[in-house]
Amino acid sequence: MVKMTRDKIRLKILVIIDGQGLTPKEGGEVTEATRFKEDLDIDSLNSVEIVMETEDAFDITIPDGAAEKWRTIKEAIDYVDATLNPPP
């Protein structure tokens, strides 16, 4: 795994979300506070695709069930950041 800044992680995840064609139901931009289900209305297929693309983009493995705990974009960013940049 390659260490990566949190900002680069955030940008890559936002690109993944954008690539899925997901936009907030109420309009506006996707931010770290955007909620997957409530704001983006993702279904199980979108969820699987986001996880697979995230694994590919960061060369990591996300265990079954880990992504199900993500409620916001920030939680996805935090997970990837902790995986790529574990504390010493």
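This is a predicted model: local features need pLDDT of at least 70, side-chain atom pairs count only at pLDDT 80 or more; totals for chains, interfaces and linings use all residues.
Residues are numbered from 1 along each chain as its sequence is written, and side-chain values use heavy atoms, with hydrogens and water left out.

A pocket here is an open set of points on a 1 Å grid over the protein atoms alone, where a 1.4 Å probe fits, with protein on both sides within 12 Å along at least five of seven lines; lining residues have an atom within 4 Å of a point. Grid points are joined across faces, edges and corners, and a volume is the space filled by probe spheres set on the points.

The second largest pocket has a volume of about 180 Å³. For the largest pocket, the volume is about 250 Å³. Thirteen residues line the largest pocket, with K37, I42, S47, A67 and W70 nearest its centre. Helix α3 (44-58) supplies the largest share of that lining, four residues; helices are DSSP runs of H or I, at least four residues, numbered from the N terminus.

Now the helix pair. R6, I9, R10, I13, L14 and I17 in α1 meet I73, K74, A76, I77, D78, V80, D81 and L84 in α4, contact meaning heavy atoms within 4.5 Å. By class, that contact has nine nonpolar, no polar and five charged residues. Ala, Val, Leu, Ile, Met, Phe, Trp, Tyr, Cys and Pro count as nonpolar, Asp, Glu, Lys and Arg as charged, and the others, Gly among them, as polar.

How values were computed: Helices (H or I, at least four residues) and strands (E, at least two) are DSSP runs, numbered from the N terminus.
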